[in-house]
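Subject: Structure handover

Hello,

Here is the structure I promised to pass on. Please open it first, then read my notes below.

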Amino acid sequence: MRAILLACLLGCGDAWALEAGAPMPPLAAPALDDAAQPVSLAATRGDVVYVDFWASWCGPCKISMPVLEAMQQKYGKRGFRVIGVNKDVSVADARRFLRQVPVGFTLVHDGGDKLARAFDVKAMPSGYLVDRRGVVRYVHRGFTSESEAALQREVSSLLEEAP
Amino acid sequence: MKGLLLAALVLGGCAPVHVAPYERGYLARPGMAFDAGLGTGRAMEKIHPSKEAASGGGSVGGGGCGCN
C-alpha cells in the first residue's frame, strides 16, 4: 500500500533518466533521408557509438554537429560511429539545417518520440557515449567547447578498450 | 489510508503539463514569440494606455537590485 502511495506521489514528476552505466536501449528508427530504411541501434554493438539528439531549432546543435562530423572522420576507422537522432517535427526543417551544416554520419528521425522517451532526453542537444559492449558510459547535456574537449578524451579512451 | 491514496491519485492529476526538451520545436517557431521582433512590442506598449485609459504598470522601476 505504501509503495502504491509512493508511486502515485512520485508519478507527479519523472525523475528517471538514462545515465552512465545503463545499457543502451536496443531500438530502431527510420533513416532521416529514407523513412523506409530502419537503422537499428543494436546493430552498432562492437563500436563506440555517440547517440546525439539534435534539432534545427536547437542553438548549440549548430556547434555540436560540425564537431561530431570531424570526430566521425577522425575516429571512424577505429570503430567510432555517430548516430544523429533528429527531433524536428518536420523533416524539411532538418534538411534546411543540414544544407547549412552538412554532416556525413548516420541520421535517423524520431517522429514518434520513441527514442527520446527511451533515453529520457533532458536537454537539447543530449549525447550518449556508448562503449563497445553497448553500455552508456558518458552523458553530455548541452554542448560547449568544454564538451568538445571532454568528448575527444572520452572517445579516444573508449576506443582503447577491448570489446 | 484510503483517503490518502485517493488524495495522492487525484493530486497526481494536478501535475503541471510537462513539455519535454525535445518537444520545444513548436515553441521555437517565430510565431510563438511574445514579440515578433518587428517593434510590435513597443507598438503595443504605445497603444495600451489609450485603450485602458491608464498608463504605467508595464514595467518596474529601479535597477533590479531590489533596494528601492
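Two strands count as paired if DSSP finds at least two bridges between them. Helices (H or I, at least four residues) and strands (E, at least two) are DSSP runs, numbered from the N terminus.

Some ground rules. This is a predicted model, in which local features need pLDDT of at least 70 and side-chain atom pairs count only at pLDDT 80 or more, while totals for chains, interfaces and linings use all residues. Residues are numbered from 1 along each chain as its sequence is written, chains are lettered from A and ligands numbered from 1 in the order in which they are written, and side-chain values use heavy atoms, with hydrogens and water left out.

Strand S3 (residues 48-54) of chain A runs parallel to S4(A), and 7 bridges join them. Phe53(A) faces Val85(A) in S4(A). S4 covers residues 80-86 of chain A, and 6 of its 7 residues are buried. Buried means under 20% relative accessible area, exposed means over 50%, and partly exposed lies in between (1.4 Å probe, protein chains only).

S4(A) also pairs with strand S5 (residues 106-109) of chain A, in parallel, over 4 bridges. There, Val85(A) has Val108(A) as its bridge partner. From S4(A) the chain passes through helix H3 (residues 91-100) of chain A to S5(A), in a right-handed β-α-β crossover. Right-handed means that, with the strands pointing away from the viewer, the path from the first strand over the helix to the second runs clockwise. S3(A), helix H2 (residues 61-75) of chain A and S4(A) also form a right-handed β-α-β unit.

Strands S6 and S7

Strand S6 (126-130) of chain A is largely enclosed by the rest of the structure, because 5 of its 5 residues are buried. Both faces are covered. Ser126(A), Tyr128(A) and Val130(A) are buried on one side, Gly127(A) and Leu129(A) on the other.

S6(A) pairs with S3(A) in the antiparallel sense, over 5 bridges. Phe53(A) stands opposite Ser126(A) here. S6(A) is also antiparallel to S7(A), again with 5 bridges. Leu129(A) has Tyr138(A) of S7(A) as its bridge partner. The hairpin of S6(A) and S7(A) has 5 residues between the strands, and Gly134(A) takes a positive phi near 85° in it.

Helix H5

Helix H5 (residues 145-160) of chain A has 16 residues and should span 22 Å at 1.5 Å a residue. The expected span is 1.5 Å times one less than the number of residues. The end C-alpha atoms are 23 Å apart, which agrees.

Which residues of H5(A) are buried? They are Ser147(A), Ala150(A), Leu151(A), Glu154(A), Val155(A), Leu158(A) and Leu159(A).

Ser147(A) has 11% relative accessibility. Beyond residues up to four places away in sequence, Ser147(A) touches His140(A) and Gly142(A), where contact means heavy atoms within 4.5 Å.

After H5

Pro163(A) sits in the segment after H5 of chain A. Pro163(A) is exposed, at 72% relative accessible area. Its C-alpha atom is 6.0 Å from that of Gly46(A), 117 residues apart along the chain.

Best wishes
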